[in-house]
Amino acid sequence: MNVGETRRAPWIVGVSGASGTPYAAAVLRALLDAGQSVDLVVSRASRLTLLDETGISFRDAHWRDDLREWLSLGADGKPGTFDVDITGMRHWSAGDLAAGPSSGSYPAKGMLIVPASTACVAGVALGLSKDLLQRAASVTLKEGRPLVVAVRETPLNGQTLRHMVTLDDAGATVLPASPAFYAGATHIQHLVDFVAGRALDAVGVPHRLYRRWEGELGGSRPA
């Protein structure tokens with residue numbers, strides 16, 4: 001690295017097998033819009049969910065084309081809703097345990113798991129590191145970097161709740177994918193963007209995904 005050259009320091013985004021791929025897409029688009037570098041890890045289970053929810057097959061060998069198609073979709077499934085530049089992105093295979101994010105010396109800013117299944121929550125809480133997503137999350141915790149776990153599951157049993165407390169104790173932000181309505185949502189995309197925006201708030205990345213509460217009752221009503 002030359003003197004004065006800035007080392008790339010990405011946010012790692014992990015996508016697990018829970019329903020909610022539009023949440024992941026919204027987070028990825030917003031990070032890129034904010035000028036952030038992003039490393040993407042898509043678990044094997046999440047590829048099945050993505051195929052079911054969007055009809056898109058996410059393939060390691062063609063990840064750029066598949067990712068562009070995915071991120072162009074609106075939350076309602078309409079293609080071509082968004083025009084996204086993925087130049088700042090890098091993809092790592094979920095089975096690559098020698099990948100950059102598997103090491104604490106890799107210069108990442110932190111990690112967001114969106115959405116996070118209960119299996120993913122358990123794996124990270126127990127430190128299983130069964131794939132790159134879980135390993136990267138464990139590294140994020142041990143290095144004291146921000147980790148957001150956007151749990152997308154209902155109802156939650158006692159075991160999962162205990163795993164969530166373990167993650168909170170370890171320093172992670174447990175962020176249920178719970179849309180709010182005070183922001184004046186009139187479309188499914190608004191609800192998705194609210195959750196994505198709260199995830200980005202947790203790591204301090206600026207965005208304009210939702211209307212913030214300003215203490216004015218009825219402020220979200222159409223004029």
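Here is a short chat about how to read the cores and helix packing in this predicted model.

Colleague: What should I know about the numbering and the pLDDT cut-offs?

Modeller: Residues are numbered from 1 along each chain as its sequence is written, and side-chain values use heavy atoms, with hydrogens and water left out. As the model is predicted, local features need pLDDT of at least 70 and side-chain atom pairs count only at pLDDT 80 or more, while totals for chains, interfaces and linings use all residues.

Colleague: Which residues have the most contacts inside the largest nonpolar core?

Modeller: In soluble globular proteins, nonpolar side chains tend to be buried together. A nonpolar core is a set of buried Ala, Val, Leu, Ile, Met, Phe, Trp, Tyr and Cys residues joined through side-chain atoms within 4.5 Å; buried means under 20% relative accessible area, exposed over 50%, partly exposed in between (1.4 Å probe, protein chains only). Here the largest one has 40 residues, and Leu67, Trp70 and Leu112 have the most contacts inside it. Elements giving two or more residues include strand E1 (11-15), helix H1 (21-33) and helix H7 (188-203); helices (H or I, at least four residues) and strands (E, at least two) are DSSP runs numbered from the N terminus. H1 gives the largest share, nine residues.

Colleague: How do H1 and H7 cross?

Modeller: Two packed helices are described by the angle between their axes and the distance between the axes. Axes are lines fitted to C-alpha atoms, for helices over the stretch in contact, with angles from 0 to 180 degrees between N-to-C directions. The H1 and H7 axes come within 9 Å and cross at roughly 60°. That's why the pair is oblique: under 35 degrees is roughly parallel, over 145 roughly antiparallel, 65 to 115 roughly perpendicular, and the rest oblique.

Colleague: Which residues of H1 and H7 meet?

Modeller: Contact means heavy atoms within 4.5 Å. Among those meeting are Tyr23, Val27 and Leu31 in H1, and Leu191, Val195 and Leu200 in H7.

Colleague: What about H4 and H6?

Modeller: Helix H4 (residues 118-126) and helix H6 (residues 158-169) pack at about 45°, axes 9 Å apart, so H4 is oblique to H6. Val121 and Ala125 of H4 and Met164 and Leu167 of H6 are among the contact residues.

Colleague: Is threonine 54 buried, exposed or partly exposed?

Modeller: Threonine 54 lies in helix H2 (residues 44-54). Its relative accessibility is 26%, so threonine 54 counts as partly exposed. Leaving aside neighbours within four places in sequence, threonine 54 is in contact with Thr21, Trp70 and Leu73.
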